[in-house]
Amino acid sequence: VLESNNSNMNVKTYFRQENIYSKGRKPIAELMQEVSGEYVAFCEGDDYWRSNTKLYEQVSFLDLSPEYSICFHDSDVIDQYDNVVAQHRFNSEQRRDYSCKELCLARSFIPTQSIVFRKKCLFNIPNEYYKVVNEDTFIYALCGLVGKAKYMRGLEKAAYRIHNQGIWSNASMKVKHKNMAKTYFYISRYYLKNGYSFYFIVMLV
């Protein structure tokens with residue numbers, strides 16, 4: 001796509017010869033070392049954005065709102081054939097702003113493919129981050145140490161794709177619960193190690 005685009009977009013590309021995630025490495029952590037801007041946005045795998053103004057609107061909001069560390073919008077759910085199977089990723093009660101404490105305690109519901117957050121939230125990636133599967137939950141917790149989360153109503157939805165090859169969407173509930181418990185444990189350990197008052201009591205079963 002970039003090779004066929006004749007505009008003067010300031011875009012750097014990083015092509016991998018192998019799937020580094022399958023090797024136990026963290027692509028997000030490695031790419032964060034290359035980020036030179038103030039903000040970060042995610043669009044992973046075969047999810048996609050529909051709006052050509054979303055980044056402008058989200059960055060503009062964060063520029064004017066220093067008390068917020070991250071902003072996000074709605075997403076719908078599509079299948080492998082681009083059919084919409086759910087109008088919203090989360091329910092109406094979950095589509096709202098979140099406080100710093102809610103982010104830190106992993107009580108937020110934020111579509112990863114919709115976020116824009118401040119780079120400084122993930123500037124120094126802790127060792128605990130490398131031990132979790134639910135990287136987005138850990139990132140939101142780190143954002144909570146910097147500021148609140150803003151739900152931006154009115155922005156065109158992004159698309160979250162589910163299919164039988166999806167790492168998370170295809171996992172069993174038992175595996176999901178185990179991975180989330182592990183994520184809570186390592187977030188807790190990070191907080192305790194750094195003297196933060198937020199912590200979890202998690203039982204791994």
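Predicted model: local features only at pLDDT ≥ 70, side-chain atom pairs only at ≥ 80, totals over all residues.
Helix H4 spans residues 135-144, and nine of its ten residues are buried, so the helix is largely enclosed by the rest of the structure. The buried residues are Glu 135, Thr 137, Phe 138, Ile 139, Tyr 140, Ala 141, Leu 142, Cys 143 and Gly 144. Both helices and strands contribute to what covers them: the cover includes helix H1 (27-32), helix H3 (100-104) and helix H5 (173-193), together with strand S2 (68-72) and strand S5 (116-118).

Two packed helices are described by the angle between their axes and the distance between the axes. For H4 and H5, the axes come within 10 Å and cross at roughly 30 degrees. Angles under 35 degrees count as roughly parallel, and H4 and H5 are therefore roughly parallel to each other. Their crossing is right-handed. On the H4 side, the residues that meet H5 are Thr 137, Phe 138, Ala 141 and Leu 142, and on the H5 side they find Met 180, Thr 183, Tyr 184, Tyr 186, Ile 187, Tyr 190 and Tyr 191. The residues of this contact divide into nine nonpolar and two polar, with no charged residue taking part.

Strand S2, another part of the cover over H4, holds Ser 69. The relative accessible area of Ser 69 is 0%, and the residue is therefore buried. If residues up to four places away in sequence are set aside, Ser 69 touches Leu 62, Val 116, Phe 117, Arg 118, Cys 121, Cys 143, Gly 144, Val 146, Gly 147 and Lys 148. Two of these contacts, Cys 143 and Gly 144, are themselves among the buried residues of H4. Ser 69 and Phe 117 are 48 residues apart in sequence, yet their C-alpha atoms are 5.7 Å apart in space.

Elsewhere in the model, three strands form an open sheet in the order S4-S3-S7, with mixed pairing. Strand S4 (84-86) and strand S7 (158-161) stand at the edges and have a single partner strand each, so one side of each is left without a neighbour in the sheet. Neighbouring strands of the sheet are turned against each other by 50 degrees on average, direction ignored. Strand S3, residues 75-78, pairs with S7 in the parallel sense over four bridges. In this pairing Ser 75 stands opposite Ala 158, while the bridge partner of Val 77 is Tyr 160. Within S7, Ala 158 and Tyr 160 point one way and Ala 159 and Arg 161 the other way, and all of these residues are buried.

At 3% relative accessibility, Gln 113 counts as buried, because buried means under 20% relative accessible area. Its contacts, not counting residues up to four places away in sequence, are Phe 42, Asp 47, Trp 49, Lys 54, Ser 75, Arg 89, Ala 158, Ala 159 and Tyr 160.

Beyond residues up to four places away in sequence, Ser 108 touches Tyr 98, Glu 102, Leu 103 and Tyr 140. Of these contacts, Tyr 140 belongs to the buried set of H4.

Most residues other than glycine have a negative phi. Ala 106, however, has a phi near 60 degrees, a positive value in a residue other than glycine. Ala 106 lies in the loop between H3 and S5, and at 18% relative accessibility it counts as buried. Asp 82 likewise has a positive phi, near 75 degrees, and is a residue other than glycine. Asp 82 lies in the loop between S3 and S4, and at 43% relative accessibility it counts as partly exposed.

Key
Residues numbered from 1 in each chain as written. Heavy atoms only, no water. Buried < 20%, exposed > 50% of the residue type's maximum accessible area, 1.4 Å probe, protein only. Helix = DSSP H or I, 4+ residues; strand = E, 2+ residues; numbered from the N terminus. Contact = heavy atoms within 4.5 Å. Axes fitted to C-alpha atoms, helices over the stretch in contact; angles between N-to-C directions. Parallel < 35°, antiparallel > 145°, perpendicular 65-115°, else oblique. Left-handed = near helix turned anticlockwise from the far one by under 90°. Nonpolar A, V, L, I, M, F, W, Y, C, P; charged D, E, K, R; others polar. Pairing = 2+ DSSP bridges.
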